[in-house]
Amino acid sequence: MVVIDMTRLNPTTPQAAVVANEAVYVNSTVVSKHFKTSAITYDLFNKPETGRLVHKMTLPVILAATSGPQSWEVTTSLSPLDQQMMGWLPSKYETGFTWVNSLDVHPTEPWITTTQQDPYVRIWNYQTQEVKRFCLGVRELQVTSVKFIAREKWIVAGTSYGLIYLFSYDPLQQIRVVKAHSGSVNSLAIHPNEPYVLSASFGGDVQLRDYEEDMEIIESFSARNWCARCVVFDPSGATFANACGDLIKMWNVDSGECKLILSGHSHEVTCLEYFTREDELYLISGSQDRTAKIWDCQTGRCVKTLQAYSPVRAVCSHPDLPILITGSYDGSLRLWNSTSFRRERIMKFDVGGVKAIACLKGSTSRIVIGHAGGLGFAEIGPE
């Protein structure tokens, strides 16, 4: 496994040597000395050369200096548009990587978008090892959730201020900003077929909006005084599930009616994912109670409880392999057979708490892990 560590300016380089309007190239840390650093492509959206090694994650950056008080910005682009959209980071962020609290993988391009408890949205190219990022404009806010809308070449991002931003990433420009919630946006979900985005908030409400109609609200759903922690559509888009406290509610998208309430966790539910088993629809939920549970979506019955022995912060269903993955606060991953629900393997990494997991497109065995120190990649194929 390769862990992307924080990138820092060489301490032997005096800051005075960096002058205004001058770009200084620095390399990010490569954890394993056995990996080779390849040539750099400066356009994030260029197609990578075929045959490029993927078992590494060296992230080149540019350090740009200001002529005013020292404040450092890390980016791979210094175009006027990016300068205007990104602004400058407060000095407290100069150490680089912070906790990755959400991520999404593009369905066709080799990109991962992340939020990291700061005002920035980042797009990582995991083939060319480049990163592009932009600021949402207010230094005090945190970007809390992010999703690709691939068919529109857009990104939707939720913030700690209850704002939802809609951006085009090609070209990079802001499309729409709405004040959606009174509390922080905890989670976003994109409908698989319709132009809908779901948002769940700290204030307890879930909203369904149409991103093709200026983010017009279609329906609002109440979690009844509970923080709405996460939302997810089922693969058909007919229903969605949201976590509120130790309960899970399943809603009909068209009618807006709550069809099932799933009860069984003894502490807050933190993450959800749908999957199919023998052509039947199931839901896996992770909780602070150190378990993950498997639910039959037709009956609402819990069919299996998976013991994780640490609060579960992320769950993932592999699209090609019969594997469910749970990620925990202690930095461990557990792989479960999605047919028998038996534990297949435990993978423990010294990376801090796991917050997000996703499968890389075009690979049947590689996953990306968002954790307390940044991003990690792991092989989950046969041992």
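Tutor: Start with arginine 290, which has 47% relative accessibility and counts as partly exposed. Partly exposed is the range between buried (under 20% relative accessible area) and exposed (over 50%), with a 1.4 Å probe and protein chains only. This is a predicted model, where local features need pLDDT of at least 70, side-chain atom pairs count only at pLDDT 80 or more, and totals for chains, interfaces and linings use all residues. Residues are numbered from 1 along each chain as its sequence is written, and side-chain values use heavy atoms, leaving out hydrogens and water.

Student: What is phi of arginine 290 near?

Tutor: Arginine 290 sits in the loop between β22 and β23 (291–296). Strands here are DSSP runs (E, at least two residues), numbered from the N terminus. Arginine 290 is not a glycine, yet its phi is positive, near 75°.

Student: Is aspartate 279 buried or exposed?

Tutor: Find aspartate 279 in the loop between β21 (269–277) and β22 (280–287). Its phi is positive too, near 65°, in a residue other than glycine. Its relative accessibility is 78%, so aspartate 279 counts as exposed.

Student: Which peptide bond is cis?

Tutor: Look at the loop between β11 (163–169) and β12 (172–179), where proline 171 is found. Omega is near 5° for the cis bond, which runs from aspartate 170 to proline 171.

Student: What distance separates the C-alpha atoms of glutamine 117 and tryptophan 99?

Tutor: Glutamine 117 lies in the loop between β6 (111–115) and β7 (120–125). Glutamine 117 is partly exposed, at 34% relative accessible area. Along the chain, glutamine 117 and tryptophan 99 are 18 residues apart; their C-alpha atoms are separated by 6.5 Å.

Terms used:
Helices (H or I, at least four residues) and strands (E, at least two) are DSSP runs, numbered from the N terminus.
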